[in-house]
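Welcome! Here is a short briefing to read alongside the sequence and the 3D view.

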Amino acid sequence: MSARIEPISGRYVHLEIEGRPYRIYFEEAGSGIPLLCLHTAGAHSSQYRHLMCDDTVTDRFRVIAFDLPWHGKSNPPVGWEGEEYKLTSQFYVAAIAAFSQAMELERPVVMGCSMGGRVVVRLAQEQGASLRGVIGLEGSDSPSPWYDNSWLESPEFLRGDFCAALVSGLVAPQSPDEFRWETLWHYYQGGPEVFKGDMHFYRTDSDYARESSTIDTGHCPVFLMTGEYDYSCTPEDTLRTAERIPGAEAIIMAGMGHFPMSENPAAFRDYILPVLAKIADKD
Amino acid sequence: MFECLKDAVAARPDLQRIGRYMDSSFLLEVGDTPYHVTVKDGHVTAVDIGPFKMRSWDFAIRASKEVWDVFSSDMPPSGYQDLFAMTRYGHASLDGNTAPLLHNLRYVKELLALPRTLRQETSQ
């Protein structure tokens, strides 16, 4: 087997979020329209590696993804050892804004998955004028819990293998084993209770259903793409959200689960390329 | 349906390793038929078929025979591909002390998948 180097480059940026310094890791590939990608809870930006290696995408888009603080190769803040990590809606939005500003992303398309697919609804609502569009993968405008909140107090959330087993059924049966297990490995890799900290945002601090109807999709197109097999953000959750946002486009992906870009990159490509083309051609 | 668990796990050292911290018993109900499964150190030491009179267990997973058959098919439809998909959509129920389940979640999920895995191995 001959060696092969991918076109992805990874670097670190130092920036401030809510007045506190952070060292943030990001990866990128391509040039053109900035396409800012947000990873799922407890995971990191490697979820977008296939998109970053797809010429059809990178010929027109600068695909860029960062690891949230505490995730992947981004550090937790100095002093983390005395704190409990708990992602809030406000911090999440501030982190995305800080990164976009630091990287001078001009009118980016923001695409997020799961909790990233939730936060893009708020971004579209509050900052739609400065965005080229949002894509919510496995996204909706409000929480739809599928297990009891008391489970979050279980010590199992200290363990990556538990977090992986908790979400394993969200990968569709059709997804190739190689990518199923790579997707789950991202959960094995998570720091203790980081996934749980993200659940604070995903389950209790991200109900945007009352405001989502105010999104102006004329300025900021909204695409909501959800896998048929997703029972965390169900197709019904997505369709209901799309009904509340005038002009939003909902796409239900057959044979797909909760992690489209990483669990089945070939099948996801067929769904995402037309959406990206539509956004790029609008300019 | 779940009579196979004991021998199937005995033949799978990797599965025994994944469940090596499990020491629990649980109930799997297939329609009216209860299977009482005992696990010790990652080995399934017994699968007893009821009815039982006040047999104790930590947690119980219950679904109709039809639901388990769909779950065990080669490509389960949406809502049937995983224990939590089935509980979310009301196809199955989960009761009792979930701590041993959560502590050994991958292991138990793989036990539940064994009827499908064995059938697929046989057909190959």
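A few words first on residue classes: Ala, Val, Leu, Ile, Met, Phe, Trp, Tyr, Cys and Pro count as nonpolar, Asp, Glu, Lys and Arg as charged, and the others, Gly among them, as polar. This is a predicted model, in which local features need pLDDT of at least 70 and side-chain atom pairs count only at pLDDT 80 or more, while totals for chains, interfaces and linings use all residues; side-chain values use heavy atoms, with hydrogens and water left out. Residues are numbered from 1 along each chain as its sequence is written, and chains are lettered from A and ligands numbered from 1 in the order in which they are written.

**Where the chains meet**

- The contact (heavy atoms within 4.5 Å) draws 24 residues from chain A and 19 residues from chain B.
- About 1,700 Å² is buried between chain A and chain B, and carbon and sulfur atoms give 59% of that area; buried area is the accessible area (1.4 Å probe) that two parts lose on being put together, summed over both.
- On the chain A side, A:Trp151, A:Tyr229 and A:Tyr231 lose the most area to chain B, together 32% of what that side buries.
- Helix H5 (residues 160-167) of chain A packs with helix H6 (residues 105-123) of chain B at an angle of about 35 degrees, their axes being 8 Å apart.
- Here, helices (H or I, at least four residues) and strands (E, at least two) are DSSP runs, numbered from the N terminus; axes are lines fitted to C-alpha atoms, for helices over the stretch in contact, and angles run from 0 to 180 degrees between N-to-C directions.

**The sheet of chain B**

- In chain B, 5 strands form an open sheet with mixed pairing, in the order E3-E2-E1-E4-E5; two strands pair if DSSP finds at least two bridges between them.
- Strand E3 (43-49) and strand E5 (92-96) of chain B are the edge strands, each pairing on one side only.
- Strand E1 (residues 23-30) and strand E4 (residues 59-63) of chain B run parallel and are joined by 5 bridges; B:Leu28 has B:Ile61 of E4(B) as its bridge partner.
- H6(B) lies across E1, strand E2 (33-40), E3 and E4 of chain B, at about 50 degrees to E3(B).

**Pockets**

- On a 1 Å grid over the protein atoms alone, a pocket is an open set of points with protein on both sides within 12 Å along at least five of seven lines, a cavity is a set where a 1.4 Å probe fits but cannot get out, and lining residues have an atom within 4 Å of a point.
- Grid points are joined across faces, edges and corners, and a volume is the space filled by probe spheres set on the points.
- The largest pocket holds about 910 Å³ of space, and H6(B) gives the largest share of its lining, 10 residues.
- The second largest pocket has a volume of about 280 Å³, and its lining has 7 nonpolar, 2 polar and 5 charged residues.

**Cavities**

- There are 2 cavities of 30 Å³ or more in the structure.
- About 160 Å³ of space lies in the largest cavity, and helix H7 (residues 194-204) of chain A gives the largest share of its lining, 4 residues.
- The second largest cavity holds about 50 Å³, and H5 and H7 of chain A each give two or more residues to its lining.
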